[in-house]
Amino acid sequence: MGTARMKRLPVLALLLWVCAMFYVGIYLFVGGFLLVRLEVNKSSSCSDSLPPGTGTQDFCPVEPRFRRAVVLIIDALKIDFARFDSHNISPRPFENKLPVLEEMKSSHPAHSRLFAFRADPPTTTMQRIKGFTTGSLPTFVDVGNNFASSAILEDNLVHQLGEAGKRVVFMGDDTWESLFPKKFHRSLPFPSFNVKDLHTVDDGILKHLYSTMEGSEWDVLIAHFLGVDHCGHRFGPNHPAMADKLTQMDRVIRSVIERLQNDTLLVVMGDHGMTDSGDHGGESLKETDAALFFYSPTPTFPPTLSQAEPEVVPQTDLVPTLALLLGVPIPYSSIGQVILPFFPEESQASGVQTYLSQLEALWINAKQVNRFLETYSHIAKDIPPESLSMLREQFSFLLAEYSGMVKEGQAASPTLVTALQSYLTAVRNVCRATWAKFNPLKMTAGILILTTSCLLCLAMSEMSEMVRDSFMPWASLVVGAFVGGTVAAGQQGSLGYVDIAWCLGAAIFFSQLLFIWRLCCAKDNGGGGARDSGPRQTGWRILPTLSIPLLVLALRCTSLLSDSYVIAEGRVATFLLLSLSFYIPLHLNWDGLLLPFSPESQKAPGLLPPPPLPSSVIRRESLILLACLGVLVASLYLSLFFHNCREEQGTCDPSPFLLPLARVQDSRLRNLHYVLSVVALAAWNYLLYWWLRHYGNLNSPGPAAFTARWPLPLASICAGLYWAVSSTPEETFRGLAELIALALVALPRIAFAFLGLGTTLLWLSPLTVFLKPRQVACPQGPTPLPRYRASTGVSPEAELRHLIPQLYQRMRRSLEDGEPSGSPEGHSGPAMEAYGLGTVYSAPLVLLTGLLGLGLLLLHSEGMALAFLLLLLEAAALLHLHASSVTLESLQGPQKEVFSVPWVSVLLWDLAATQFFHATGHLPTFPSIQWDAAFVGFPKGHVGTLLPGSLVTLNTFSSHILFAVGCPLLLFWPLVCEVRALRQGHGASKEDAVMEMRLRERPQKFSSALVQLAARCFFIKGAQVLASVLAAAILRRHLMVWKVFAPKLMFEASGFVVASVFTLIAFTLVMRVDFAVSGMFKKLIPEHSR
Amino acid sequence: MWDHEIKGMASVHAAIASSIFMATLVPAVIVEKFSVYGTHLVWVYSVAASVAVVNIAMFWLLGVGLVAKRNTLSYKVSRAIRSSLYFTLSCFFYHIIVILYGAPLLESALETFSLAVLLSTFTTLRCLCLLGPSVQAWIRVFSRDGAMSVWDTSLQITTACSVIGAWLGAFPIPLDWDRPWQVWPISCTMGATFGFLSGLVIAPFWIHWHRKQLTYKSK
Ligand SMILES: [Zn+2]
Ligand SMILES: [Zn+2]
């Protein structure tokens, strides 16, 4: 026999390594997919003199070219729609439908110009509006942006126009209203969400457009039409409806041109194009190339040769052009380049007015871009240093050239113009490479690593014994570190900088390879042994029994690939959870294990007859199972009332419990809610207390039991008081305002302090066992010895093995009698009484869950107390359901693998975490994040971002956290509940009811069971992360990618990280308890065997 | 013996299946503006009624699968009463289950209940006909070794298929396709019906192919 000790550190290291694999996979993928950019919160102003300047005002020195502008944005106006080919005899529905552009171009070549307007990915409307108002390259995550509202905080054209006193009138797509709240002089937003609605927005605009233009209450008029885009999404471009829509737009442009006055510029543009199916979002030319058409009633453009193809203009270039044409400063973060045809080559004085020449405009533009680049590279480090230094060099050269030219009074040289242009283009390209390009290589590598990680978890869960025996985490770590270091050194040598993502990716990949290789070796080596044929056979036999839970998991993962199912995720999770929990009794019944009515068993003749158990035991267990199913189903159904609503869900009212009590108007309703919440809080406490007392853990004198007795209830009282204070309307107690303010700060902090104290105590001394030497009646004999007195020469381990059941048996018996010490059997009993030894592992976990749950509840609105109580009930019901089904199977069926937690239970547990994510009012969308959590205990706000960030994270993933901490309970619960069945079964009474001490008896099996459970948990979670990663990668040009899939990916990935961290914490606690139990027995043995 | 039983069963199944088709075709002639989507409830009840009639006729009048212990009138009456009670209870049971699965609680309660009636007809009614009003026997049949005749196996298959069909029928509901059959509860009733039909078709073949493994104990 080997050492009868559990492998604690290797198991933990293995789990850590598994988590690291997933983290690196997620990091790689997200690094390639989610483009991040920092926002610069600075604004340009007319009084700015740009850094290497001559001291004059740069932005507003000369007369603006136009006083007013009309900007018609036709959503998804692809460049193809604007082309006109008179030779085309049978045009397709989208061809030749905008003849006005061609007519203007040929009849007034100096008044109008058509460009191809190239957008940057992501080609979605909101990012594009940001793009052509700020002149930058908005990414999916613009850090610094306020997540709670989508308002643009960066400097932008609308802001600058407002600062310059221009009256901006907006009408159309209501996205603008959320991006620029209160920035417009007048705004007529129309709902944009319903893609199937082709006309509401357009008709709304047309009702007001002409009358507004004819009036004088405006300087800049923005009208955003959505019909063409919606028509594309609904029918595609190749549909008669598109022809109608474009013809309507043609009429609109004509009517607008008729009403234009001489000082007004007309801009007609699309924000992006569309694919042949009418979608957009990606980076293909069909999606990025939109039309851009300028018209001015006065001649503006130099004569050109009529070119067949319109010139390509990047979308960022509109901002500096419009800014200089209208005489406002170029927004601070713009990286665009002025469109040159608007500016005369020489600064000539035409009549009275002087306009900016090409060179002057470009020079202002270059200085502004250089200023932004310096500011940005100062705060963020994501622009590669070598390109940055190259750009700096280029700029200083330009500076020298330009100032030299100005000093000598030379005429503008065309070479300088080209040099300035190439500088601006270079800046744009560098920024684009940093912010606006998916990195397909990184994305693929991330997907690859995530896939192998999932497969490895699957292999680990099916071969946990082999993994436990053969795996040395240190070897993998060393190999990983070595490979990572080599890659880093290689990068440093060849590229000059280190990309951490690739080093980590390589490290993890090679350690995975090593792991697989070792696993194969172990398999081959073990093949000779007689024992190994077993696992391989079971490996194949497992497949059919796995099929249903894995099928449900597959359904869940597939559902992440469809936007409709992601939107309905709360319902989908409940549906699957319900189906899977109904599956348990149905499956048991199919195997004839539930409610066996006929006494003669119908077992196959080959098997050994099961021990004769009275059918009352089985029936009792079955009834418990069905009752638990009832509780589970009821709490599932009730939890549906706590859901929040997504914007996409049409008819849906968010749960009234989500509203903080202070905002409930009706005072009676408020009191009712408050009482309900407090009752739920009390019930939460009582249930925990009752459970601990029932299993004798409260008798312990140690700090853990102290935690359950004092800090937990005290923290709850603080929470209740805090809710009372925070829900009082401010005007009720004016006199006590200071006291209330103090309580708002102090009460939650005291509660958190109590909880922190409790958690610390739990870690310091997690044992909840009370050992009591028995007061034996007979006076003779110093210390009564255990009944199974070890004969001489028996190892201390054997001694232990006998001692534990004794301890446990005593404890049960004394509990039954209600009086711990007085037992009628007198001196025949063993010497020790141990309270709570049977639940020594699960009690600290339950306690930790209770503490954490209370803390997390404090971060939610008061009404969520009910949801948390439901969560506790559901978790308990799930655990009992799992325990009962395992007991029923083990009582009658053939002996299965010891301590193995079946897939169905792990999947149920994980689905419950997803389900309660929704049932605590959360949604995988950014607007639904509950920011109030950051202000619990900090009503005045914070200094840093770490604390509020972690509070909000804890609030968001509280359901994941609680279920992750409770995860090891799946292993312990069948053992905790085992006693109920066995105690009554007289046939089995020979075997002692030792509950969790069974795990101590077989430490090898214990560690492999832990490995298996963790591997199954991580597999299920990892498969979901993989599915949402795949969804984001495959559907990256789906209409909903930035609205549904990318946020879902972020939530799924961060949920995985948070949940895995807390799973690790829970497993560490189990190891900590195991360590403490070993210590306790070491102390016990010498005392009694001496 | 095997062939004989399977053939008998297949012909009964064919009769039930054709009754479903008739229940779809006949109202189209009689009822004005009849369509499966438009007047869905009419279709549901016509299918349920025809399946019920054929089942009762086949199993009760022809005496298939039912062993009457006593043939007195009072026994028959009490049996009929108990059967109809069980049927009603099963309708409510299905109704509750469907609501738990996320059907609206109050609005369109009639539609939900119609689905429950249809499911009861496909499952409970056949149980009542084949096994009589005895929950114990029902629970026994739905275990691996519980089938005692080809009828029991066919019951297992058709019941499982109808329930799974209704379950699968819920899947298209959240999708944003805006099809007429995505309206509650059309997809579920259609799913249950298709499941039941496929169960009727599969059962004889299944039993035929697995006749070696199927060993029924005599009753
Ligand atoms: Zn758009
Ligand atoms: Zn669109």
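I took a salt bridge to be a side-chain nitrogen of Lys or Arg within 4 Å of a carboxyl oxygen of Asp or Glu. The model I searched is predicted.

**Entry 1: the interface**

I counted one salt bridge between chain B and chain A. Asp591(A) pairs there with Arg144(B), with the closest N and O atoms 2.4 Å apart. On the chain B side, H3(B) gives the most, with three residues. By class, that side has 13 nonpolar, four polar and five charged residues.

Next I looked up the area. Chain B and chain A bury about 2200 Å² between them, and carbon and sulfur atoms give 62% of this. Arg144(B) turned up again: with Leu100(B) and Tyr101(B) it supplies 28% of the area that chain B buries against chain A, more than any other three residues.

**Entry 2: salt bridges in the whole structure**

I then searched all chains and got 23 salt bridges. One of them joins Arg392(A) to Glu374(A) at 2.9 Å, N to O. Arg392(A) sits in helix H13 and Glu374(A) in helix H12, so this pair ties together parts 18 residues apart in sequence. Arg392(A) is partly exposed at 39% relative accessibility. Glu374(A) is partly exposed too, at 33%.

**Entry 3: a buried pair**

I checked Glu569(A) and Lys1048(A), whose closest N and O atoms are 2.7 Å apart. The pair links helix H21 to helix H36 of chain A, 479 residues apart. Glu569(A) counts as buried at 1% relative accessibility, and Lys1048(A) is buried at 5%.

Key: Residues numbered from 1 in each chain as written. Chains lettered and ligands numbered in written order. Predicted model: local features only at pLDDT ≥ 70, side-chain atom pairs only at ≥ 80, totals over all residues. Heavy atoms only, no water. Buried area = accessible area lost by both parts, 1.4 Å probe. Helix = DSSP H or I, 4+ residues; strand = E, 2+ residues; numbered from the N terminus. Nonpolar A, V, L, I, M, F, W, Y, C, P; charged D, E, K, R; others polar. Buried < 20%, exposed > 50% of the residue type's maximum accessible area, 1.4 Å probe, protein only.
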